[in-house]
Amino acid sequence: MIIAIPLLAAFLTPLIGRISGKARNTFVITSLAFVGFLVIILARDIFLNGLHVYTLGATEPIPAGYMVPVRIMLEVDSLSIFMGIITATISLIAVIYSFSFMKGETGHNRFYTLLLLLVAGMFGMEFTGDMFNLFVFLEIASISGAALVAFRIRFADSPEGGFKYIVVSAISALMVLFAIGLFYAQYNLLNIGALAQAMQYTMLDKMALAILIAAFAIKLGTVPMHMWLPDTYSVAPASITAMLLVASQASMYALFRICFTLYGVTLNLATVGWIVIVLGLLSMFIGVTMAVRQTDLKRLIAYNCVCESGFILLGLGVGLAVLGNPGALATYGTMAISGGIFHMINHALFEGLLFLVAGAIFYRIGTRNLNEMGGLGHLMKFTSILFLLGALASSGIPPFNGFASKILIYESVYQFNPILAIIGILVSIITLAVFMKAFFSAFTGPVLPKYKDVREVPKSMMIGMATLAVIIVLFGLFPGLVREWLTDPAANALINQGAYIEGIMGVVP
Amino acid sequence: MTGNIPFNIPFVAVAALISIAIYIIISQRNLIKIVMGISILAAGINLFLITLGYREGGVAPVYTHAPTGVVAEMVLPVPQALTLTSIVIAVATLALMLSLVISIYRHTGSIDSEESRKMKG
């Protein structure tokens, strides 16, 4: 039902919008809040009871007398519900933020419809247990995301960013479809759990794995396929950038679901693990070095995004590389995976905050160029504090949440291979330098005369940003709680391939 | 398609379509040609999905009025469902891409991708 409600709400929104603007806004907020509430209930249920399988249209996955599951399955385990929590939180905050950010635009109905479709697509990608369903929801999320990126078509660069996003998404989604065709041709199955059980590691499987990793890495924005990311993230309206971030994380979730659960220990772990680690390292390094020379604030934050997703890939690549080695897994593999997953939610939070702050600046002064800004800290005190918070969290300074997740990744990666951890620390230092440059040029210094009458941002944007900031600080102060409740079950769910298969197939004969 | 050709022509056609499409997307500068390249890629992959469901001498997978007797084998129906879904999604994607190309043309006056690459670096 979590998927159905945003879908239904998306199509009801234009109808309600004809009544009045206020009614539509309330409707969107209540539907998203209700979805968030359902997600939390489901999360509690999964934490206590284990994973959930819901078959569309029947009561159990395998009908009597069959050996394979027949219908489309939604399978939610701890990792899926973790991503669901991220999606629900960020989308609620983005909608609150959008209420006043989109004041000067027309076509609000279509904006909220597309936003709800994007949310539905992301939930679908995270909760599905079926490969083709994954493809369908990936396309739903891509199309609504691209339409939202290009929403403000009166600027010259918005449709260009949207076009790049839709081209890249279409190509990667078609590659995913090709790999799904390969799987179906071999095993006559589309269900992830059933495929995992029936998987033999043939040549075609290797090809399918390579295609899937490449396709999801493109959709994710890892180097060397990252060219679309800065363009797209900088021209989208700020709340949409936060949502697109979560969409990229949903593709990251799909990538890890494939690597860990679908293939598990049957693949050549050292090679694939090192490939993921190398992709992560490249993204981190190139992301942060290109961020140094940016003059556009949102492009700078977008390159930081590339860098942070590199961190996540690093953590999970280390976990992947030691998956078959129980001793190493127990000592640092689980910690690496847990750190990577924790960093996923931290990434969504503080990058979301940074993008919302950049959007707030753009809303007030109409430019994103750092060279033209100056001395805004005197006028927009609250916004500058929030930017500083987001920047420090991104670099991994205690007591913010970035520190907690990064220390997990550093410790575990150091035991795996010391050089990787040292590169990680270097990259964090450069990130701090980049953000200090941005902060100083935008917020401190004398007030430029043309910005004399810039006021603070409106209240709904403030509520959105402040909520994110509060969550960031809370996660930073109580990382143990987050680990125990959210990330460790998710990491264990990822490693425990057997439980996932068992949920679908029943007791394996 | 019976078995007296040396290799399967549909799969060769799929390989040809996909490689032509990738070449177009990478090397063309005209935005409309890039969109056409994506359309050809989608066509190639849809053809791949249908071809992998083919069984020698099979009939259409419909149960009513199915021919009984000697030929009782059906072509796999699931890839055909996947292909229908994929065609619908491709239509929506292409519509969105073309409308974005129109919007880019209105802003920059040309559909050459080199002209509209305002954001570099």
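Visitor: How many residues does the contact take from chain A and from chain B?

Guide: This is a predicted model, and residues count as in contact here if their C-beta atoms, placed from the backbone, lie within 7 Å. On that basis, the contact takes 25 residues from chain A and 28 residues from chain B.

Visitor: Which element gives the most to the side of chain A that touches chain B?

Guide: The elements of chain A that give two or more residues to this side are α5 (131-149) and α6 (158-187). By class, the side of chain A that touches chain B has 19 nonpolar, two polar and four charged residues. With 14 residues, the element that gives the most is α6(A).

Visitor: Against which elements do the buried residues of α3(B) pack?

Guide: Helix α3 of chain B covers residues 78-108, and its buried residues include B:Leu82, B:Ser86, B:Ile89, B:Thr93, B:Leu96 and B:Leu100. Residues three or four places apart on an α-helix point the same way, because there are 3.6 residues a turn. The buried residues of α3(B) pack against α2 (31-51) of chain B together with α5 and α6 of chain A.

Visitor: How far apart are the end C-alpha atoms of helix α16 of chain A?

Guide: Helix α16 of chain A runs over residues 418-443, and among its buried residues are A:Leu420, A:Val427, A:Thr431 and A:Phe435. Because its 26 residues at 1.5 Å a residue should span 38 Å, the expectation agrees with the distance in the model, where the end C-alpha atoms are 38 Å apart.

Technical notes
Residues are numbered from 1 along each chain as its sequence is written. Chains are lettered from A and ligands numbered from 1 in the order in which they are written. This is a predicted model: local features need pLDDT of at least 70, side-chain atom pairs count only at pLDDT 80 or more; totals for chains, interfaces and linings use all residues. Two residues are in contact if their C-beta atoms, placed from the backbone, lie within 7 Å. Helices (H or I, at least four residues) and strands (E, at least two) are DSSP runs, numbered from the N terminus. Ala, Val, Leu, Ile, Met, Phe, Trp, Tyr, Cys and Pro count as nonpolar, Asp, Glu, Lys and Arg as charged, and the others, Gly among them, as polar. The expected span of a helix is 1.5 Å times one less than its number of residues. A residue is buried if 20 or more other C-beta atoms lie within 10 Å of its own, exposed if 12 or fewer, and partly exposed in between; C-beta atoms are placed from the backbone.
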